[in-house]
Amino acid sequence: MKNSMENIISLAKRRGFIYPGSELYGGLSGTWDYGPLGVELKNNIKQEWWRRFVRARSDVYGVDSAILMSSRVWEASGHVGNFSDPMIDCRKCKSRFRADALDIAKGCPQCGAKDFTDARPFNMMFKTNAGPVEDTASAVYLRPETAQGMFVNFKNVVDSFHPKLPFGIAQMGKAFRNEITPGNFIFRSREFEQMEIEYFVKEAEWERHFATWQSAMEEWLSFVGLAGKYSLREVPEGDRAHYSKRTIDIDFDFPFGREELYGLAYRTDFDLLNHSKASGHDLWYLDEETQEKIVPHVIEPTFGVDRTVLAVLVNAYAEEEVPSGDGAASDGRARDVRTVLKLPARLAPYTVAVFPLVQNKEQIAGRAREVYGLLKEWVAATWDGIGNIGKRYRRQDEIGTPWCVTVDYQSLEDDTVTIRDRDTMKQERLAVAELLGYIEKHIS
Ligand code: ATP
C-alpha cells in the first residue's frame with residue numbers, strides 16, 4: 001500500500017529521520033529519537049514557526065521556561081486534579097486501556113475476554129522528586145504542556161517590557177504525558193514537543209482575536225504544505241477542557257484516521273486568575289487608557305511539533321513511476337519506481353546535494369568540492385559521490401532534497417553545472433555564480 005504508516009516508519013528509520021527510543025535495549029514505549037535528518041526537519045519546522053510567530057511580530061515575546069516547575073503551578077492550573085484519562089484493565093490478560101477509546105461490549109482487544117475493572121482516572125503527569133529526599137514536599141512534575149510556563153512569566157514579561165494589550169508570550173519545548181496507550185508512531189508519545197502562544201486580550205475582543213489566530217494557523221498550515229489537507233472541528237462543550245469556552249481542533253487525515261493535529265482554545269481568564277489566587281501575587285494588568293485593572297483573557301493556539309513532522313512526512317511521501325535511470329544513460333522507455341518526499345524546500349533536511357559526475361577525474365571532483373564548499377556556507381548542502389547519478393538522485397529524492405547539482409565535463413570548460421529539480425526531475429544548466437540566486441528564487 002502506498003503511503004502507509006509502515007512505509008513511512010521504515011523510510012524514517014532507514015534514512016536516519018526517526019528511530020525507536022532506546023532501541024538497543026528493546027525500546028522504551030512512547031519514546032522516539034530523531035536522527036541526523038529528522039532533527040534537521042524538526043529544527044526547520046521550529047525555526048520557521050519561531051520566525052513567523054515571534055521574530056516577525058512586535059506583539060509576541062518568546063520565553064524558554066524550565067521543564068521542572070513548582071507543584072503549586074500544577075495545582076493552580078487544575079492539572080493535579082483534572083489532567084487524567086479514564087483507565088480500565090482487562091482482569092484476564094491484565095492489558096490496560098483508555099476507557100474512552102475502548103468498546104467494552106466487544107471485549108478485550110488483546111484476549112477477547114469481557115471481564116474489565118471499573119474505569120478509574122489516571123493522572124498523566126510524570127512525577128519525580130527534586131533533591132535527595134523523596135517526600136511530598138520535594139515532589140515535582142515534568143510539565144505536561146508548555147503553556148503554564150508562559151502564565152507564570154506573565155508578570156515578568158509585563159514588568160520588563162510593558163507591552164500593550166493585545167500581546168502574546170510564546171514558547172516551544174518538551175512536554176511529557178504518561179499516555180496510557182502511546183502509539184501510531186510519533187503521533188502519541190510520552191515525551192514530545194509543543195509550540196504554543198498565549199495571547200492576552202481584552203475580554204470584549206476575544207472573538208475577533210480568536211478568528212485572527214485561526215487565520216494565522218491556517219496560513220502556517222499552507223506554509224508547511226498542508227493547505228486543503230486539514231479540517232476544522234468545533235469541539236462541543238462537553239468535550240472541551242475545563243477552562244475553555246471555545247475550542248477548535250485542527251484535524252489531519254493520518255493513515256490511521258482523522259486525528260487532532262493542532263488546537264485553538266479560548267481559555268478565558270482562568271489561568272491568570274487561578275495563579276493570582278494560588279500564588280498571592282497580583283496578576284492584574286493596568287489598562288493605561290482607562291486606568292482600569294483588568295485580568296486579560298487568553299487565546300491559545302497550540303501546535304504539536306512531532307505531529308507536524310508526521311503530517312508533513314505523510315503528505316510529502318509518494319511512490320511514482322519514472323523513466324528508469326533518470327539522469328543517467330537511459331533508453332527513455334523502461335519504467336522505474338521512485339520513492340520521493342515532496343517536502344516544502346524550506347523544511348527539507350538538505351536544500352541541495354552536490355555531485356561530481358565521475359569520481360575518478362580529479363578536476364571534476366575538485367571543482368565539485370569547491371561548489372559544495374561555496375553552497376554550504378549559505379544553505380544546507382550535502383555531498384554524494386557514491387554510485388551512479390541515477391542512484392544518487394533516488395537517494396536524494398527519498399530524503400526530500402529539492403535540488404541536485406552535478407559538476408561534469410562541461411563545467412571545466414565554461415563553469416556551468418546542471419541543477420535538477422526533485423519534483424519535475426528536469427535539469428537546467430546554470431553558471432556556478434547563479435546557483436545561490438536560483439535557490440533563493442525557487443525556495444518556498
Ligand atoms: P489528544 O486528544 O490527541 O490526546 P490533546 O487534546 O490532549 O490531544 P492538547 O492538550 O490540546 O492535546 O495538546 C496540544 C497539542 O500537543 C496537540 O494538538 C498535539 O499536537 C500535541 N500533543 C498532545 N499530546 C501529544 C502526545 N502524546 N504526543 C505527541 N503530541 C501530542
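Which residues come nearest to the ligand?

## Around the ligand

Of the 13 residues around the ligand, the nearest are E179, R188, S189, E260 and L261; a residue counts as around it if one of its heavy atoms lies within 4 Å. This is a predicted model, where local features need pLDDT of at least 70 and side-chain atom pairs pLDDT 80 or more, while totals for chains, interfaces and linings use all residues. Residues are numbered from 1 along each chain as its sequence is written, and side-chain values use heavy atoms, with hydrogens and water left out.

By class, the shell splits into four nonpolar, four polar and five charged residues (nonpolar: Ala, Val, Leu, Ile, Met, Phe, Trp, Tyr, Cys and Pro; charged: Asp, Glu, Lys and Arg; polar: the others, Gly among them).

## Polar contacts

Now for the polar contacts (pairs of N or O atoms within 3.5 Å). E179 puts a polar side-chain atom 2.8 Å from a ligand nitrogen, and F187 has a backbone N or O atom 3.2 Å from a ligand nitrogen. On the oxygen side, a side-chain N or O atom of E260 sits 2.7 Å from a ligand oxygen.

## Helix 2 and helix 7

Over in the helices, I45, E48, W49, R52 and F53 of helix 2 meet W213, A216, E219, W220 and F223 of helix 7 (contact means heavy atoms within 4.5 Å). That contact has seven nonpolar, no polar and three charged residues.

Technical notes. Helices (H or I, at least four residues) and strands (E, at least two) are DSSP runs, numbered from the N terminus. A polar contact is a pair of N or O atoms within 3.5 Å; within protein, one must be able to donate a hydrogen and the other to accept it, and residues adjacent in sequence count only if both atoms are side-chain atoms.
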